[in-house]
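Please walk me through this protein model.

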Amino acid sequence: MSYLKVSEVSKRYDAGSLALEDFSLQVKRGGVVSMVGESGSGKSSLLRIIAGLEVQSAGVVHLGDQKILNPAQKLVPGYDEIQLIHQEYKLYPNSTVEENIARPLLLYDKAYQKERTAEILELLSLRAFKDKKPRQLSGGQQQKVAIGRALSIEPEVLLLDEPFSSLDAIQKRDLIEELKEIFDALEVTVIFVTHDVDDALLMSEELLIIQKGKLLQQGNVREVFRKPASAYVARLFGYLNLIPGAEEAYVRPSEVKITSKTSIKAEVVKQQFLIHYNLLTVKLEDSELFWKVDDPSRSVNVGDEVFLDYQKEQLIQF
């Protein structure tokens, strides 16, 4: 059953540009969803509307049975139950880690404030840094403080707006894995926005693809990968090889096998060394088509002739 529900939301700015058009989505309680889309696709506008911080042109947002009011309908915009975390950490520079996390709790009972802050410090492994100022922390640690501050008031929903864009690959990977475990343990509902598919896959099993303000596809990672709804969705996961003589039928480089059998003949024209395999560019015999092929054995060189094969059930068609 859906817990967070966005129904036919549209957003048009004064200049006439359309950020969102009839956008609908549903997220179950405790669900973690990764939203992937290019810059300018409407992701940030959607999060602000969900959080009750921006006025939509049409549509409605519900959290459970509660209608989320926008700033034109609510004197003080926003909800404690829904916390939006930005790319910029927005920490108080002259306050310690402990003080930053405790700030949303200033109006709460002092004993609870102290207990809850200690819980968050422990949860995010920040106890050793509680007396440090933000400038004394790494980017990953600062982001954890921002998330800890949001978690301090026990929200029902966390909205993460490309929070790791300024982190290096190692920091980002480690932080995503750590946060995923925390979100699962807390059973908090999360929408994680990113333009990086790898980050999205690390964070959750459910993907939501957005382009030009429209929802293109939502579903399990494997389903979206195997049965993309469009060429745009398919290409988010990497290269596509067009099947000779077929209309709108493709195979991914990872699904193409180099074989000794007589099948599709090709010549290797380029080789690129990647982390887990060599990426080959091959020209198909008697064709103007070039394919990308993964070579995990790193045994094929430029100029070699190879035979290629694939399974028909691995074809992608739109």
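This is a predicted model: local features need pLDDT of at least 70, side-chain atom pairs count only at pLDDT 80 or more; totals for chains, interfaces and linings use all residues.

The protein chain has an average pLDDT of 93. A score of at least 70 is reached by 99% of the residues. Among the elements of the chain, β15 has the highest mean pLDDT, at 98. Helix α5 (residues 169-186) has the lowest, at 90.

## Strand β3

Strand β3 covers residues 32-36 and is mostly covered, with 5 of its 5 residues buried. In a regular strand, side chains alternate between the two faces of the sheet. In β3 both faces are covered. Val32, Ser34 and Val36 lie on one side, Val33 and Met35 on the other, and all are buried.

β3 has parallel pairings with β8 and with β9. The pairing with β8 runs over 5 bridges. Here Met35 stands opposite Val193 of β8. Strand β9 (residues 206-211) pairs with β3 over 4 bridges, also in the parallel sense. Val36 has Ile209 in β9 as its bridge partner.

## Thr189

Thr189 belongs to strand β8 (residues 189-194). Its relative accessibility is 1%, so Thr189 counts as buried. The cut-off for buried is under 20%.

A polar atom of the Thr189 side chain lies 2.9 Å from the backbone nitrogen of Gly30. Gly30 is also one of the contacts of Thr189 once neighbours within four places in sequence are set aside.

## Salt bridges

How many salt bridges does a search of the whole structure find? The search finds 16. Lys11, Arg48 and Glu54 are linked in a network of them. Arg127 forms a salt bridge with Glu122, and the closest N and O atoms are 2.9 Å apart. Arg127 has 42% relative accessibility, so Arg127 counts as partly exposed.

Glu255 forms a salt bridge with Arg226, with the closest N and O atoms 2.6 Å apart. Glu255 sits in the loop between β12 (249-251) and β13 (257-259), and Arg226 sits in helix α7 (residues 221-226), so the pair ties together parts that are 29 residues apart in sequence. Glu255 is buried, with a relative accessible area of 9%. Arg226 is partly exposed, at 46% relative accessibility.

## A second link across the sequence

Glu285 and Lys265 form another salt bridge. Their closest N and O atoms are 3.7 Å apart. This pair links distant parts of the chain, 20 residues apart. Glu285 is in the loop between β15 (278-284) and β16 (290-295). Lys265 is in strand β14 (residues 264-273).

Methods:
Residues are numbered from 1 along each chain as its sequence is written. Side-chain values use heavy atoms; hydrogens and water are left out. A salt bridge is a side-chain nitrogen of Lys or Arg within 4 Å of a carboxyl oxygen of Asp or Glu. Buried means under 20% relative accessible area, exposed over 50%, partly exposed in between (1.4 Å probe, protein chains only). Helices (H or I, at least four residues) and strands (E, at least two) are DSSP runs, numbered from the N terminus. A polar contact is a pair of N or O atoms within 3.5 Å; within protein, one must be able to donate a hydrogen and the other to accept it, and residues adjacent in sequence count only if both atoms are side-chain atoms. Contact means heavy atoms within 4.5 Å. pLDDT is the predictor's confidence in each residue, from 0 to 100. Two strands pair if DSSP finds at least two bridges between them.
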